[in-house]
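Hi everyone, thanks for coming. Please bring the structure up on your screens, and we'll walk through a few spots together.

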Amino acid sequence: MAPSAVAAGDAPELVRVLAADGTLAPTPAAEPYLEIVDSLADAELEGFYRDMFISRAFDLQATNLQRQGQLALWPPSFGQEAAQVGSARAARAQDHLFPSYREHVVATIRGVDAVDIIRVMRGLTHGGWDPSDPKNGNTHIYTLVLGSQTLHATGLAMGLVFDGRCGSGDPSRDEAVIVYYGDGATSQGDVHEAMVFAASYQTPEVFFLQNNQWAISVPVATQSRAPLYRRAAGYGIPSIPVDGNDVLASYAVTRVALDEARAGGGPRAIEAMTYRMGAHTTSDDPTKYRTSKEEDSWALRDPIARMRVYLRGRGASDGFFADVEAEGSAFAEDARVRTMALGGIPTEIMFDHVYSEPHPLIDEQKAWLADYEASFEQGAS
């Protein structure tokens, strides 16, 4: 395993509530968060499991759809469900979420239609959904430009400070921002610039780093000789490493960080130690750069299996797990059916918005393409 991953994984500051085998075994760093964990009702705990299971079913379905030629690309979230579910469930309704391009369950938890994510990866839209539409839960659109979303998030968070929409002492109205990015993005200047402004303006913001150990084929150790969570401290931003495969730890740490940021305490940073069990995207082959032994070692820490054991220990019934499995299958099948009904994209829209005003060259090119395609239909070619 990469040196920086070992360092962060063994750090005394690491917050972990559930051991890899699903037993309750909090680390010393988790002690301040146990009251939050203990306050979770059975329905909430079971909801975490349901979110993770359904998300994985959808993710596997979308991967299959890409392999069958229905999507141009798919970035799997397989293995990172606990980090995403815990953090998303910790956010309040008024908070703003900025994903990168792998936070599928974050988006759907907030209300985004899963097929809107599909439409992005099918090439039917540049955005997918309207962040200003209340049904999408203040979820901003995906970005494939590494780290750029941290600047967008910090800009909005600065606006919250200027407009007095945080730090009022009223948690029902104060707002916060959480931005997701990966270990590869930490090498981008955008992330560091965002942290400079976040620290300077004391934004109500949480930087949520999902360290899945690989920036495509580059291991974390190549990017950083020290644990990544220490970087934020260089900007005066409190930073906490958490076991990203432990949904309880992810939830509790993010909830506290968001509450502190929302109340005017300034930005916070979280490094969720997790693992990308699948490929970086469906255009990637991880067997070229990592070993099956490494993958097997992380499979033993699977977030869904861990939570399943914990819930069984609390008395969750076989019926509950059967119902969740049925929900996951139905969700995935619905996504497949609606994806197959999407159709293609009209070719003429490629000419839209090239210029702000009508342009004769664009009109000429559009007419030429229409004539060319019509020639095939008429059998002239």
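Let's start in helix H6, where arginine 119 and aspartate 116 sit 3 residues apart, about one turn of the helix. Keep in mind as we go that this is a predicted model. Why does that spacing matter? An α-helix has 3.6 residues a turn, so residues three or four places apart point the same way. And side chains of opposite charge can pair when their charged atoms come close. Here arginine 119 does form a salt bridge with aspartate 116, and the closest N and O atoms are 3.1 Å apart. Are these two partners buried or partly exposed? Aspartate 116 has a relative accessible area of 15%, so it is buried. Arginine 119 comes out at 24%, so it counts as partly exposed.

How many salt bridges does the structure hold? The count is 20. Let me show you another one, between aspartate 243 and arginine 16, with the closest N and O atoms 2.7 Å apart. This pair links distant parts of the chain: aspartate 243 belongs to strand E6 (residues 239-243), while arginine 16 is in the loop between helix H1 and helix H2, 227 residues apart. Aspartate 243 counts as buried because its relative accessibility is 6%. Arginine 16, at 26%, counts as partly exposed.

Which residues of H7 are buried? They are Ser148, Gln149, Thr150, Ala153, Thr154, Ala157, Met158 and Leu160. And what covers them? The cover includes strand E1 (96-98), strand E2 (177-182), helix H8 (189-201) and strand E3 (205-211). Just after H7 you'll find glycine 164, with a positive phi of about 70 degrees.

Glutamate 175 is buried, because its relative accessible area is 12%. Arginine 165 is partly exposed, at 30%. While we're on salt bridges, there is also a network: Asp95, Arg255, Asp259 and Arg262 are joined by salt bridges that share partners.

Stay in the H7–E2 loop for aspartate 174, which is found there too. Its relative accessible area is 2%, so aspartate 174 is buried. What does its side chain meet? It makes a polar contact with the side chain of serine 168, at 2.7 Å. The backbone nitrogen of glycine 169 is also 3.2 Å from a polar atom of the aspartate 174 side chain. Leaving aside neighbours within four places in sequence, the residues in contact with aspartate 174 include Gln94, Asp95, Arg165 and Arg262.

Last topic: the aromatic rings. How many aromatic pairs are there? The count comes to 16. One of them joins phenylalanine 58 and phenylalanine 331, edge-to-face, with 5.9 Å centre to centre and 90 degrees between the planes. Phenylalanine 58 is in helix H3 (residues 42-67) and phenylalanine 331 is in helix H14 (residues 318-340), so the pair links parts of the chain 273 residues apart. Phenylalanine 58 counts as buried, at 3% relative accessibility, whereas phenylalanine 331 is partly exposed, at 32%.

Tryptophan 129 and tyrosine 142 give us another pair: their ring centres are 5.4 Å apart and their planes are at 85 degrees, so this one is edge-to-face as well. Both residues are in the loop between H6 and H7, 13 residues apart. Tryptophan 129 is buried, with a relative accessible area of 8%, and tyrosine 142 is buried too, at 7%.

Two more to find on your screens. Tyr49, Phe53, Phe320 and Phe321 form one aromatic cluster. And arginine 301 lies over the face of tryptophan 298, 4.0 Å from the ring centre.

Definitions and conventions
Residues numbered from 1 in each chain as written. Predicted model: local features only at pLDDT ≥ 70, side-chain atom pairs only at ≥ 80, totals over all residues. Heavy atoms only, no water. Buried < 20%, exposed > 50% of the residue type's maximum accessible area, 1.4 Å probe, protein only. Helix = DSSP H or I, 4+ residues; strand = E, 2+ residues; numbered from the N terminus. Contact = heavy atoms within 4.5 Å. Phe/Tyr/Trp six-rings, centres within 6.5 Å; stacked < 30°, edge-to-face > 60°. Lys NZ or Arg CZ within 6 Å of the ring centre and 35° of its normal. Salt bridge = Lys/Arg side-chain N within 4 Å of Asp/Glu carboxyl O. Polar contact = N/O pair within 3.5 Å; in protein donor to acceptor, adjacent residues only side chain to side chain.
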